[in-house]
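Work through the exercises below with the model in view. Try each task before reading its solution.

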Amino acid sequence: MKEKRIGGLLSMLSAIILATGLMVGSGFATVQAAGPGPEVCKNCHTDKAQSYQDSVHGQKGNARGPSNAGECSACHGDGTEHVKAGGGRGVGGIKNPGSKTMSPDEKNATCMTCHAGGSKRTHWEGSTHQTRGTACTSCHTMHSKDKVLTKITQPEVCFACHKQQRTEVNRTFRHPILEGKVACSDCHNAHGSIGRALMKRDSVTDTCYQCHAEKRGPFVHAHEPVNEDCSICHNPHGTVADSMLKVRPPFLCHQCHTPHGGVIASLRGQPGVTSFTGKSSVNVTQARGCLNCHTQVHGSNNPSTTHP
């Protein structure tokens, strides 16, 4: 009789401990309805179950992951009826976030069950990708190696949509993106930001200053575009002009600055040319470059005759 009471108490204690373990909050994870786990699912989905157990999602030490919140059920829903029916695509109310039948909002809601927190996803709602129907599974993969998480493969994912940038990074002057030294996520936050073009910082200049701190200044004689927007002169994805300039000097500089000099050679017979020497609307730009004199184009502390 005493042994039965002890056995009953142990069973009750085990149930309480189990219930308590399920109720305790674990990071951002939310407990899902208990359903079949990998030990059942692997009978049909061997490769998927193995990839899950090998991933961060399947690590028991990951307190906020699916392994502590229902395992397969955390993403695919309770698969009890699915198993009873003998399986089949969509049978028994099973969910597949990687399928085309689920809407982007449904897919994202599944992922946001665990990944809603963190500063990187604060601005997801209303972001460019969210409002244009991009789903988490459009970029990320769960049951295979996620290319987004590796610098050398991340651009492949982004280039699937951003064709223009794919072309630009193959130009002569570019960031070392194809070599895996710079990734799209070094400058952009695909999950949303308050800066334009999903910049990680509040502005283009602040984003560039993460690496190019020497251009920040402050300088006595500042170049206004440097403080306003680096992309006025540069295309960070790649160009055919040196230093990723949009146009080679002096044509780039002439977009804002009028050509100057004591004697500027002119071509005789062209419109605007009234003499062999002096200023005219048509100037010879061959072998001329503003940087021959203005070497510190991002800003300088050197004396100036016009701005002492």
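The protein chain holds 13 helices and two strands. Both kinds of element are DSSP runs, numbered from the N terminus: helices are H or I with at least four residues, strands are E with at least two. This is a predicted model: local features need pLDDT of at least 70, side-chain atom pairs count only at pLDDT 80 or more, and totals for chains, interfaces and linings use all residues. Residues are numbered from 1 along each chain as its sequence is written, and side-chain values use heavy atoms, with hydrogens and water left out.

**Exercise 1. Describe the chain as a whole: burial, surface and contacts.**

Step 1. Start with burial. Buried means under 20% relative accessible area, exposed over 50%, and partly exposed in between (1.4 Å probe, protein chains only). Of the 308 residues, 28% count as buried.

Step 2. The protein chain exposes about 20,400 Å², and carbon and sulfur atoms supply 58% of it. Accessible areas come from the Shrake-Rupley method with a 1.4 Å probe; for residues, only the protein chains shown count as cover.

Step 3. Look at the contacts (heavy atoms within 4.5 Å). Take those with a separation of 6 or more: residues 24 or more positions apart account for 50% of them.

**Exercise 2. Find salt bridges and say how covered their residues are.**

Step 1. Apply the rule: a side-chain nitrogen of Lys or Arg within 4 Å of a carboxyl oxygen of Asp or Glu. The count comes to seven salt bridges.

Step 2. Take K147 and E156. Their closest N and O atoms are 3.2 Å apart. K147 is partly exposed because its relative accessible area is 41%. E156 is at 44%, so E156 is partly exposed.

Step 3. Go to K151 and D186. This salt bridge has its closest N and O atoms 3.4 Å apart. The pair links distant parts of the chain, 35 residues apart: K151 sits in the loop between α8 (136–139) and α9 (154–159), D186 in the loop between α10 and α11. K151 has 36% relative accessibility and so counts as partly exposed. D186, with 25%, is partly exposed.

Step 4. Finish with R174 and E179. Their side chains meet in a salt bridge at 2.9 Å, N to O. R174 is partly exposed at 26%, and E179 is partly exposed at 42%.

**Exercise 3. Explore the loop between α10 and α11.**

Step 1. Locate T172. T172 lies in the loop between α10 (163–168) and α11 (204–208). T172 counts as exposed because its relative accessibility is 61%.

Step 2. Pair T172 with V240. The two are 68 residues apart in sequence, yet 5.5 Å apart in space, C-alpha to C-alpha.

Step 3. Move to L198, in the loop between α10 and α11. L198 is buried because its relative accessible area is 13%.
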